[in-house]
Structure formats: C-alpha cells, structure tokens
Amino acid sequence: MTRYKILDDLLSNRYHNYSLDDLTEELNRRLNEMDIDSVTRRCVEKDIHYLEYEGPFLVDIERYSAPGYSKEKQRSYVKKCLRYSNPSFSIFKKDLTDDEEYLLSEALSLLGQFDGLPNLDGLEGLRFGLGVKRKRKIISLTKNPLENSSLLGQLFTAISQKQVIELSYHTFNSDEIKKIVVHPYLLKEYNRRWFLFSAADTDDKLLCFSLDRIDGVKPLPSYKYREYKGDLSSYFDDIIGVTLHIGQPVEHILFWVSDNSCHYVETKPLHDSQIMYKGDKADEIRASYPSLSGGAFFSIDCVENYELIRELCSFGPELVVLSPDGIRKKIISRLRKMTGMYEIDSKRRNLK
C-alpha cells in the first residue's frame with residue numbers, strides 16, 4: 001500500500017513526464033527515505049498492471065511519448081511515459097471531514113486576503129466550492145508590479161512541484177535575451193523586488209535572478225529535478241539583501257546613530273545580529289569617540305555587499321560607521337561621489 005500511495009501521487013502529477021524507469025527511480029528514492037527496501041522495475045510494472053486490470057481500482061492509465069534528455073550522454077531522446085488519464089483521479093480520494101473542511105475554509109479566508117500571488121485562480125474556485133465567504137481585507141502587502149503578472153505564480157508552481165525550468169532573461173545593462181536551464185528553489189522578496197534563487201543545471205552553481213529581468217519560463221518536465229544540498233535558509237544569515245560573495249569574511253561593523261534615528265534603528269534592526277550597546281560598554285566606546293555627542297552605538301556582523309553599503313549610506317549624517325576601515329572608506333567614497341554630482345549640477349545651474 002505504501003508503494004501504491006507513492007505511485008498514485010506520481011501518476012496524477014502533470015508537472016513531470018515519468019517513464020517506467022523514472023517511476024521506479026522516484027519510487028525507490030521515497031521508499032529509501034522511509035527506510036523501506038528498494039524494488040525492481042519488474043515489481044513496479046506488476047504494481048501498475050494490478051492497479052489497471054486486476055485490483056479493485058481498475059484505473060485508466062494512458063501511455064504517451066514525451067521528449068527526454070540524458071545529461072550523462074548529452075543527448076535528447078523520446079521516452080514512453082505513463083499517467084492517469086484523469087489528472088484529478090486518485091485511488092485514495094475521499095471526502096473531507098467536517099473538521100478538515102472547517103480548517104481549510106479558515107486557511108482560504110486568510111490566504112485570500114493577501115495580495116502578491118498572481119496566477120492562483122484555482123484558489124477562487126476552491127473558495128467558492130467550499131462556500132467560503134469573502135471578508136474585507138485586513139492584510140495588505142506592498143508589491144512590485146511586474147509586467148508579466150503571471151510570472152510569480154509560474155515560478156511558485158515550478159518550485160512547489162519540483163520542476164526544472166528554462167529561463168529566458170536579460171541583464172541590467174543589456175536587452176539581449178539569454179536562456180539557461182535551472183532547478184528553482186526559493187522566491188525571496190527584498191526592497192520591493194522579487195528574486196528567484198536556483199541552481200544551474202550544468203554545474204549546480206547557485207544563481208539569483210531578479211524577476212523583472214526574467215522574460216519567460218518554460219517547464220521541462222522530462223528533466224530530473226535536483227534538490228538543494230545545503231540549508232538555503234542559512235544562505236541569508238550573514239548578509240543584508242540577496243547578494244552573497246562566496247568566500248568573503250563576516251565583518252564586525254561598529255556604528256553610531258544620532259538621537260533622531262536611534263529609536264528607529266533600535267526597533268527596526270539593520271540585521272538580525274544587531275546589538276545596541278548600553279552601560280559600561282557604551283561608555284567605553286563613547287570615550288574613544290568624544291566628537292560624537294548623544295545618540296547610541298550599535299554593531300552588526302555581516303558579509304560586505306552592495307546592499308549593506310547602500311543601507312548604511314541611506315541614513316546620511318544620522319549614522320556614522322566607526323569600523324572597520326575598509327567599509328568606512330567605501331562609504332566615504334560613495335558619499336563624496338554623490339556630493340560631487342550635486343556640486344557639478346549646482347555649477348551648471350548657476351551658469352544658466
């Protein structure tokens with residue numbers, strides 16, 4: 001029955017093209033995760049025959065041809081695949097209990113109040129079928145409007161269904177359309193922009209794509225999806241934003257914040273590692289910087305990147321980085337360039 005439950009899930013999946021060999025491989029992968037011995041291809045073949053012809057289910061299974069790709073042999077081929085003729089069919093399908101229907105209705109009521117998830121039209125149909133009434137919106141998320149409004153939903157589906165995709169995209173400094181095959185893992189929002197984190201099919205290198213630079217998404221159901229081997233959530237532990245330069249050290253950044261912005265920075269930390277110094281430690285630091293009156297001293301532990309420098313500069317004179325010198329110099333250089341641009345513009349205006 002465990003095998004039947006897994007096969008039932010695979011045969012109803014419309015996001016992958018499974019041949020008999022693919023079904024055997026995926027079945028054994030899931031069995032091994034449950035510490036159950038692997039089975040042979042012949043065993044899977046007999047299971048499918050039983051489901052189709054001999055057992056109490058008598059399911060309708062269709063055979064069809066689909067393009068395949070062998071990464072080992074670096075070539076395309078045609079493979080014979082299997083799936084339920086009816087994608088909504090399941091041998092384990094049953095009606096919801098009253099408790100399950102109530103919990104699902106409550107979840108839909110909450111989810112339906114969120115903006116920012118396009119291309120999920122099925123949610124409306126499910127809400128209507130369960131008789132969930134619309135309620136006034138009590139949660140609103142700021143979102144960056146995309147020209148391709150269905151893109152977020154397409155990528156959400158690809159990640160949740162573990163589907164390899166081909167991205168068409170262009171860079172910030174070029175309109176040339178490029179294509180790449182990737183294994184998608186995570187959608188992340190930062191500073192009103194959405195980003196896709198995925199691994200290249202060729203070398204497993206983790207890549208980040210801004211969604212406003214993605215021009216198209218093509219599902220590749222015949223490609224085998226590879227899970228991310230590490231802990232993707234820890235990827236962002238030591239950075240602000242989404243840019244991580246592999247191999248760079250974590251910097252201990254000490255900075256002063258004026259009285260005007262002190263409470264803001266205290267209640268909205270720049271990073272999870274932020275510390276606000278008080279008592280003797282604060283007095284010790286203040287003694288080293290007598291020119292800074294009032295305010296408070298903070299520190300964060302981050303890997304340097306573009307977003308970090310931009311965030312520190314965004315406070316203007318309300319925030320002063322005290323160490324390390326490397327980050328101080330980059331902030332000073334950035335502020336001087338900005339001041340220089342204003343001076344040039346002022347001279348131009350005076351000449352007019």
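This is a predicted model: local features need pLDDT of at least 70, side-chain atom pairs count only at pLDDT 80 or more; totals for chains, interfaces and linings use all residues.
View 1. Helices (H or I, at least four residues) and strands (E, at least two) are DSSP runs, numbered from the N terminus. Residues are numbered from 1 along each chain as its sequence is written. Local features need pLDDT of at least 70, side-chain atom pairs count only at pLDDT 80 or more, and totals for chains, interfaces and linings use all residues, while side-chain values use heavy atoms, with hydrogens and water left out.

**View 2. Five strands make an open sheet.** Follow the strands in the order β6-β5-β4-β3-β7, and you will find antiparallel pairing; two strands pair if DSSP finds at least two bridges between them. Why is one side of β6 and of β7 left without a neighbour in the sheet? β6 (206–210) and β7 (214–219) are edge strands with a single partner strand each, so one side of each has no neighbour there. On average, neighbouring strands of this sheet are turned by 45° against each other, direction ignored. Within the sheet, β4 (residues 178–190) and β5 (residues 193–200) run antiparallel and are joined by eight bridges. Look for glutamate 189, which stands opposite tryptophan 194 in β5.

**View 3. A second open sheet has four strands.** Here the order is β9-β10-β8-β11, and the pairing is antiparallel. At the edges are β9 (275–276) and β11 (319–323), each of which pairs on one side only. Strand β8 (residues 250–257) is joined to β11 by four bridges. One place to look is leucine 254, whose bridge partner in β11 is serine 323. Helix α9 (residues 306–313) lies across β8, β10 (296–303) and β11, and runs at about 165° to β10.

**View 4. Helix α9 also packs with helix α10.** The axes of α9 and α10 (residues 325–351) are 10 Å apart, at an angle of about 65°. Tyr306, Leu308, Ile309, Arg310, Leu312 and Cys313 from α9 meet Ile327, Lys330, Ile331, Arg334 and Leu335 from α10. How many residues of each class take part in the contact of α9 with α10? There are eight nonpolar, no polar and three charged residues; Ala, Val, Leu, Ile, Met, Phe, Trp, Tyr, Cys and Pro count as nonpolar, Asp, Glu, Lys and Arg as charged, and the others, Gly among them, as polar.

**View 5. Tyrosine 235 and phenylalanine 236 form an aromatic pair.** Rings of Phe, Tyr and Trp (its six-membered ring) pair if their centres lie within 6.5 Å; planes under 30 degrees apart count as stacked, over 60 as edge-to-face and the rest as tilted. This pair is edge-to-face, with 5.0 Å centre to centre and 70° between the planes. Are these two residues buried or exposed? Tyrosine 235 is buried at 15% relative accessible area, and phenylalanine 236 is buried at 14%; buried means under 20%, exposed over 50%, partly exposed in between (1.4 Å probe, protein chains only).

**View 6. Serine 261 sits in helix α7 (residues 259–267).** Serine 261 is buried, with a relative accessible area of 11%. Leaving aside neighbours within four places in sequence, serine 261 is in contact with Phe315 and Glu318.

Terms used. Contact means heavy atoms within 4.5 Å. Axes are lines fitted to C-alpha atoms, for helices over the stretch in contact, and angles run from 0 to 180 degrees between N-to-C directions.
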